[in-house]
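Please examine the model shown below with the following explanation at hand.

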There are 2 protein chains.
Amino acid sequence: LRADLGKVVGAEHVLAGDTREYLHDSTDTRGVHGRADAVVLPGTAEEAAAVLAWCYERGVPITPRGGGTGYAGGAVPLGGVVLSLERLTRVRSFDPLLWRIEVEAGVRTGEVRRLARESGLFFPPDPGGSEQSQIGGNIATNAGGPHAFKYGVTGKWVTGLEAAIAPGELVRTGGPLRKDAAGYDLKALLVGSEGTLGIVTAAWLRLLPAPEAVHPAVGFYPDARAGCDAVLRVVGSGLEAAALEYLDAGTLAAAGPSYPGRIPAGAGFAVIAEADGSQDEAARLRDELLSVLGEGALGTGTPSPAELWRWRDGLVFAVIAKRGGKLGEDIAVPLDRLAEAIEESVALGRRHGFETVSWGHAGDGNLHTNFLVDPTDPEELARAERAGEELFELALRLGGTVSGEHGLGLLKRGHAGWTPRVAALQQAIKDAFDPKGLLNPGKKL
Amino acid sequence: LRADLGKVVGAEHVLAGDTREYLHDSTDTRGVHGRADAVVLPGTAEEAAAVLAWCYERGVPITPRGGGTGYAGGAVPLGGVVLSLERLTRVRSFDPLLWRIEVEAGVRTGEVRRLARESGLFFPPDPGGSEQSQIGGNIATNAGGPHAFKYGVTGKWVTGLEAAIAPGELVRTGGPLRKDAAGYDLKALLVGSEGTLGIVTAAWLRLLPAPEAVHPAVGFYPDARAGCDAVLRVVGSGLEAAALEYLDAGTLAAAGPSYPGRIPAGAGFAVIAEADGSQDEAARLRDELLSVLGEGALGTGTPSPAELWRWRDGLVFAVIAKRGGKLGEDIAVPLDRLAEAIEESVALGRRHGFETVSWGHAGDGNLHTNFLVDPTDPEELARAERAGEELFELALRLGGTVSGEHGLGLLKRGHAGWTPRVAALQQAIKDAFDPKGLLNPGKKL
């Protein structure tokens with residue numbers, strides 16, 4: 001196997017199957033690890049397609065891999081070949097005056113954002129871990145992030161894709177086009193398909209002129225109920241925040257000490273809103289947001305955006321530090337059920353004996369409720385899994401989804417709550433793209 | 001057939017198959033008419049699913065129909081049953097404070113926009129004919145319009161769908177949720193599927209706070225080349241216009257007399273840009289747009305938005321009036337190929353002996369190039385069809401698509417330029433949803 005694949009990509013680009021860093025993703029904090037027979041690092045899209053062809057002919061499972069920052073186990077291999085896109089790092093074209101860029105799958109998300117910014121543009125999606133995560137993986141999971149509230153998730157910024165499709169061919173759908181109403185939307189199918197329909201090798205992305213100014217505003221509240229009331233007031237006032245985030249009491253307790261500002265005594269919930277636009281506009285909107293957030297608040301603040309988002313990005317590490325691991329989900333509910341979802345999800349974790357913390361994308365109704373665990377304790381992990389299944393039930397009961405932005409991966413399949421007809425359609429789509437079931441098997445469906 | 005279907009929807013809601021207004025859409029201006037065995041008007045989504053079930057069991061083709069404003073013949077029946085959604089007009093829920101609405105498929109697009117506006121909100125998609133077109137049809141074609149430049153096409157505003165799916169069941173995908181990363185995106189597949197995968201019966205739509213002010217700016221140029229330079233300058237300056245439209249010389253000649261303002265002598269091309277936002281912001285952006293549009297212009301103008309868009313919406317009628325009919329397409333190309341595409345498409349029509357006019361959504365690279373025809377002259381229509389096929393070739397040669405916003409319908413299928421593998425995937429998706437091929441047969445694929 002390794003010798004054969006070495007002929008496709010060069011022997012030095014085939015690693016042993018037990019190369020540890022390719023056997024897990026961010027779910028190692030809940031003890032999830034996989035196994036593989038080989039790790040293959042193609043250098044071009046054509047090589048990626050050739051690896052797929054080789055595997056497809058021989059019935060070898062293939063697990064595509066981006067930066068490995070996923071929280072659903074989507075990149076955890078269950079045997080066969082891991083295909084890492086890390087060497088596909090070319091920026092194929094960049095037309096700042098036309099607001100578009102074509103990048104290969106292995107380009108880091110942070111690099112796309114940096115390139116855009118250097119030309120006065122802006123790539124809005126900002127999932128966490130942008131220095132590690134790759135654009136191909138972001139597309140394969142339709143990654144979200146704080147600014148999805150105003151700007152939408154990754155898929156909204158993809159105008160074209162190149163992907164290796166079974167039995168081993170590169171196909172292109174869309175391109176440097178802003179509109180396309182021809183066929184069924186293959187691009188939208190590949191987005192969020194978690195490597196189970198094809199392997200994204202490159203993408204055309206749409207960019208926007210960068211906002212002149214970005215001004216966050218933060219409100220602190222005694223509890224989730226008061227904080228969620230503030231979230232609903234912001235939305236109900238028709239203020240178009242760029243981001244609208246929350247942190248609950250447990251999250252504030254874990255990450256509060258490094259917050260770039262003062263947290264009022266008694267704060268059990270925080271709401272972060274952000275204004276962006278021209279200098280004048282962003283300042284005016286920030287003041288309006290502050291005034292709405294201020295009602296019923298214990299205090300408000302206006303940290304610098306750079307400090308605030310660095311802190312916000314890092315809070316997952318502060319949370320993990322408490323017990324060494326966490327089991328977290330990303331359920332999403334209609335906005336009017338947000339307070340209920342936060343309160344019930346935290347109560348649920350505590351009922352199972354876990355210290356439980358919750359933060360997330362309030363404006364999108366997207367919760368990250370996390371049970372803190374010791375990742376080396378099998379009993380605790382098994383108990384947390386059961387609690388996690390109750391989180392899924394909660395999401396469906398509130399009219400929501402088991403995944404707002406991480407995908408189903410390995411860990412959530414079977415929990416999506418589909419009717420038999422919807423499940424059959426999902427399977428039929430899988431079969432259309434991957435009749436042998438070799439693309440990231442054991443994931444999503 | 002009519003008696004049986006009468007038992008499903010009530011005899012008074014089954015019309016004769018030769019009821020003329022159900023046998024064509026806006027392509028009657030190019031002489032396209034269909035035939036049907038019956039026209040059925042279900043009163044609920046459940047009745048729509050029951051009609052589908054009845055047809056599916058008996059192998060009867062079924063053509064779903066919205067407002068009939070399509071330009072690709074997608075609603076033209078080729079026999080069997082026409083299922084019109086016109087009686088599904090309920091607004092199922094409207095939560096202005098949460099920026100969302102759930103409407104049935106037969107609600108007019110203009111009604112959705114009006115309801116939103118009455119609550120200080122905004123439903124951005126604005127395809128033409130909003131008082132006739134229905135939201136279900138807009139979704140089935142993923143309709144665009146001038147403001148898609150800033151706000152995107154219809155599908156971007158759909159968060160959930162209810163659809164009747166073969167063999168005759170209502171399914172729901174998404175809902176009042178802003179994010180969902182669970183299954184393959186069935187919603188995105190149904191959007192733009194032109195009634196060939198299922199029949200949209202209701203939709204959850206996302207709304208936005210309405211901009212305080214809307215200020216258009218118009219520039220007039222001697223020719224397409226100078227006008228397209230202005231379009232590229234607007235984009236390259238990083239000015240985020242809400243709409244960025246063009247009209248060529250022939251369009252100005254036909255519709256110019258009713259333009260709400262003065263058109264400078266010698267104008268052979270016009271560019272409409274629009275600024276929106278807060279009062280201050282929209283005024284500032286309009287001034288910046290005017291300044292960029294002014295370079296190399298014969299003149300500029302700032303008509304009132306209401307008058308301008310009423311005129312813009314009506315220009316298709318001014319064009320049709322010239323010879324009684326038109327054959328038009330909606331190819332889209334990368335923005336840097338816009339000038340080439342406009343010039344070559346007009347030259348192509350003239351080469352075939354047609355008076356040819358072109359207008360469209362410049363910022364999205366989306367052209368409406370139209371050949372003026374006498375719709376009662378079969379020779380002329382056949383010649384125009386051949387010229388239309390050359391338009392498709394032009395679009396593909398320039399790296400574009402044969403349809404930016406109208407869909408493939410009856411008239412463009414076979415011209416999308418797919419590779420065999422992409423065509424096979426398209427067909428496999430169709431087979432997954434509609435194994436008997438009874439949903440709008442002869443369309444799209």
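A residue is called buried when its relative accessible area is under 20%, exposed when that area is over 50%, and partly exposed in between, with a 1.4 Å probe and protein chains only. The structure is a predicted model, in which local features need pLDDT of at least 70, side-chain atom pairs count only at pLDDT 80 or more, and totals for chains, interfaces and linings use all residues. Residues are numbered from 1 along each chain as its sequence is written, chains are lettered from A and ligands numbered from 1 in the order in which they are written, and side-chain values use heavy atoms, with hydrogens and water left out.

The charged contacts come first. A salt bridge is taken to be a side-chain nitrogen of Lys or Arg within 4 Å of a carboxyl oxygen of Asp or Glu. Over all chains, the structure holds 64 salt bridges. Helices (H or I, at least four residues) and strands (E, at least two) are DSSP runs, numbered from the N terminus. In helix H9 of chain B, B:Glu288 and B:Arg284 are four residues apart and therefore separated by about one helical turn. These two residues form a salt bridge, with the closest N and O atoms 2.7 Å apart. B:Glu288 counts as partly exposed because its relative accessibility is 31%; B:Arg284, at 32%, also counts as partly exposed.

A:Arg30 and A:Glu385 form one, in which the closest N and O atoms are 3.4 Å apart. A:Arg30 lies in the loop between strand E1 (14–16) and strand E2 (38–40) of chain A, whereas A:Glu385 belongs to helix H12 (residues 378–397) of chain A, so the pair ties together parts that are 355 residues apart in sequence. A:Arg30 counts as buried, at 4% relative accessibility, and A:Glu385 as partly exposed, at 28%. In chain B, the side chains of B:Arg233 and B:Glu295 meet in a salt bridge with an N to O distance of 3.6 Å. This pair links distant parts of the chain, 62 residues apart: B:Arg233 is in helix H7 (residues 224–236) of chain B, and B:Glu295 is in the loop between H9 and strand E15 (299–301) of chain B. The relative accessibility of B:Arg233 is 23%, so B:Arg233 is classed as partly exposed; B:Glu295, at 47%, is likewise classed as partly exposed.

Some charges gather without a salt bridge. Surface patches are made of residues with over 30% relative accessible area and no salt bridge, like charges being joined within 9 Å and nonpolar side chains (Val, Leu, Ile, Met, Phe, Trp, Tyr) within 5 Å. Which residues form a negative surface patch? The members are A:Glu212, A:Asp280, B:Glu212 and B:Asp280. Of these, B:Asp280 is placed in helix H9 (residues 279–294) of chain B and counts as exposed, at 64% relative accessibility.

The aromatic side chains form contacts of another kind. Rings of Phe, Tyr and Trp (its six-membered ring) pair if their centres lie within 6.5 Å; planes under 30 degrees apart count as stacked, over 60 as edge-to-face and the rest as tilted. By this rule there are 12 aromatic pairs over all chains. In the pair A:Tyr259 and A:Trp311, the ring centres are 5.0 Å apart and the planes stand at 75°, so the arrangement is edge-to-face. A:Tyr259 lies in the loop between helix H8 (249–255) and strand E14 (269–277) of chain A, and A:Trp311 in helix H10 (residues 305–323) of chain A, so the pair ties together parts that are 52 residues apart in sequence. A:Tyr259 is buried at 7% relative accessibility, and A:Trp311 is buried at 8%. Ring pairs also link A:Phe220 with A:Tyr259 and A:Trp311 into a cluster.

A cis peptide bond, with omega about 5°, joins A:Ala166 and A:Pro167. A:Pro167 is located in the loop between strand E8 (158–165) and strand E9 (169–174) of chain A. In chain B, a cis peptide bond joins B:Ala166 and B:Pro167, with omega about 5°. A:Asn142 has a positive phi near 50° although this residue is not glycine, and lies in the loop between helix H4 (135–141) and helix H5 (148–151) of chain A. A:Asn142 is buried, at 14% relative accessible area.

Technical notes:
Areas by Shrake-Rupley, 256 points an atom, 1.4 Å probe, with all protein chains shown as cover. Lys, Arg positive; Asp, Glu negative; His and termini not counted. Charge placed at Lys NZ, Arg CZ, Asp CG, Glu CD.
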